[in-house]
Amino acid sequence: MKPEDLLFTKTHEWVHLTTNPTGETIATVGISAFALEALTDLVFIELPPVGRRVEAGGAFGEIESVKAVSDLYSPVNGEVVEVNTAVADRLDRIAEDPYGANWLVKIKVAGDVDRSTLLSYDEYQKQCAEESH
């Protein structure tokens with residue numbers, strides 16, 4: 001996936017929305033390259049189990065670096081249907097492909113996605129530029 005095709009949260013998660021063959025909306029969620037650069041050396045990630053219900057804006061896990069522990073926030077309401085457990089085994093490689101192979105969770109969306117809380121790529125880039133000053 002290209003970052004330009006994704007939506008972002010103000011807390012640096014990205015989301016890619018697709019529709020599966022049964023018509024359900026699936027949100028693939030990851031952490032942005034900007035956040036990974038800010039965190040630097042990752043030491044631990046905690047991801048939720050499959051089946052866990054999540055709420056938009058609510059924490060679904062944690063990511064820890066040598067600098068800080070940060071919550072990971074869901075951009076949508078729904079149920080975790082898949083967890084990328086491989087990222088926990090290769091934390092040092094997450095930044096190599098944060099928008100592709102190193103996604104974190106897939107969530108079956110419940111209800112409508114509140115797109116007003118999500119940022120386009122350009123809006124997110126503007127936010128990142130403001131934060132780095």
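**Close-up views: salt bridges and hairpins**

**View 1. Arg93 and Glu96 form a salt bridge.** The N to O distance between these two side chains is 3.7 Å. A salt bridge here is a side-chain nitrogen of Lys or Arg within 4 Å of a carboxyl oxygen of Asp or Glu. Arg93 is partly exposed, at 38% relative accessibility. Glu96 is exposed, at 61%. The cut-offs are under 20% relative accessible area for buried, over 50% for exposed, and in between for partly exposed (1.4 Å probe, protein chains only). The model is predicted: local features need pLDDT of at least 70, side-chain atom pairs count only at pLDDT 80 or more, and totals for chains, interfaces and linings use all residues. Residues are numbered from 1 along each chain as its sequence is written, and side-chain values use heavy atoms, with hydrogens and water left out.

**View 2. Glu24 meets Lys108 in a salt bridge.** A search of the whole structure finds three salt bridges. In the Glu24–Lys108 bridge, the closest N and O atoms are 3.7 Å apart. The pair links distant parts of the chain, 84 residues apart. Glu24 sits in the loop between β2 (13–19) and β3 (25–31), and Lys108 in strand β9 (residues 105–109). Strands (E, at least two residues) and helices (H or I, at least four) are DSSP runs, numbered from the N terminus. Glu24 is partly exposed, with a relative accessible area of 31%. Lys108 is also partly exposed, at 28% relative accessibility.

**View 3. Arg53 bridges to Glu79.** The closest N and O atoms of this salt bridge are 4.0 Å apart. Distant parts of the chain are linked here too: Arg53 belongs to strand β5 (residues 53–54) and Glu79 to strand β8 (residues 78–83), 26 residues apart. Arg53 is exposed, at 55% relative accessibility. Glu79 is partly exposed, at 26%.

**View 4. Strands β1 and β2 form a hairpin.** β1 (residues 7–8) runs antiparallel to β2, and two bridges join them. Two strands pair if DSSP finds at least two bridges between them. Phe8 has Trp14 in β2 as its bridge partner. Four residues lie between the strands. His12 takes a positive phi near 80 degrees in this hairpin.

**View 5. Strands β2 and β3 form a hairpin.** The strands pair in the antiparallel sense over seven bridges. Thr18 stands opposite Ile26 in β3. Five residues lie between the strands. Gly23 takes a positive phi near 90 degrees in this hairpin.
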